[in-house]
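Reader: I am new to this structure. Please take me through the segment that the database record marks out, and then look closely at one strand and its partners.

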Amino acid sequence: RAAGSGRWLPWLGFALLPLAVPPAAAPGGCPSACYCVATPELVQCRYERLEEPPKELPATVHNLSIAGSNLSVLHRAAFAAHPLPDLRLLRLRHDNIQTIEDMALQGLSSLHTLDLSYNPLLSVAAGAFAGAPLLRTLQLNQALLAAPLEEQLALALRNLSLRRLELAGNALWALPATLLPAGLEELDLRNNSLQRLTATELQSLEAPGLRGLRLTLGANPLSCDCALRPFLAWLRATVSRVSDARNLHCAGPPPLRGTAVLRLRPEGLMCAATEGGEPGRLETASYVFFGIVLALIGIVFLMVLYLNRRGIKRWLHNLREACRDQMEGYHYRYEQDADPRRTSTVGTP
């Protein structure tokens, strides 16, 4: 049996060969630093420390993933060495991309999804995505932490027809209204620093081109005070527009921590902020003033005690003497009552 099974091993190797094509630089095959999975239509280049996109990409590639490299700068026509008319998905995660130049995606006419997550972006040119007219999904998760890029991205996205935009994990404090092109259908804002959506931000979501926009807001530190009331009313009226609405929970104040937002009652939200939605200082100032008043009262009381220390000492001395006389009287009566001679005299008829 062992000899029989050994005869099948070479054939088994040939059968599995198409599933993992080894690195090769042959025309139409896999690039030297990458692997083709299943077919040349899916190319993965992982942790090869590339400084530029590979040149020998198969013309039929549909999905290209480059991860863990050091691309640093996506130059103009970075993928145009050989035409990639069928490329639909491009993932460039953890590639230390800092700059994207004009027309960096030139030649990617069929690109539908671009993933630039986990890159320390510092500069994005106004025409960075101009070479991908069919781009519909842009993923920028944890990519906006190194520098404020809202204005640059707004210019870069103005001529695109995006349908999905992912901005998770970027420590955003407010809704990036300038990054919401008309026609956007999905916006991922999970794991940011949003405490609420203000009335102005909610109004921007009702613009004609954004009325069908669906949000994802999980893992944000929502502050459930009275400033949350506009957002709570909007959420209840349009719950279908927030895909994870039932999973939103309060991060503060402490009495409401962990409470589901949809279970809150507007009248139960205590005011810890001003009407504008910014953290208020009036309540804090009142507590400080109250503390100062108590401290002054304490100081005055101590001063009165200090200035009257002799009188207080005299009063305490008199009180002690009075107590002593009273105790001596009680002691004398006790001795008289306990005297056996007095008891026998009283008991004799």
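Author: In its unreviewed entry, UniProt lists residues 287-307 as a "transmembrane region"; UniProt positions follow the numbering used here, feature names are shortened, and annotations may be inferred rather than shown by experiment. Residues are numbered from 1 along each chain as its sequence is written, and side-chain values use heavy atoms, without hydrogens and water. The model is predicted: local features need pLDDT of at least 70, side-chain atom pairs count only at pLDDT 80 or more, and totals for chains, interfaces and linings use all residues.

Helices (H or I, at least four residues) and strands (E, at least two) are DSSP runs, numbered from the N terminus.

Now to the strand. S3 covers residues 42-46. Val43 and Cys45 make up the covered face of S3, while Leu42, Gln44 and Arg46 make up the uncovered one. For accessibility, buried means under 20% relative accessible area, exposed over 50%, and partly exposed in between (1.4 Å probe, protein chains only). In a regular strand, side chains alternate between the two faces of the sheet.

S3 pairs with strand S2, residues 35-37, in the antiparallel sense over two bridges; a pairing requires at least two bridges found by DSSP between the strands. S3 also pairs with strand S4, residues 63-67, here in the parallel sense and over five bridges. Which residues stand opposite glutamine 44? Tyrosine 35 is one of them, and serine 65 in S4 is another.
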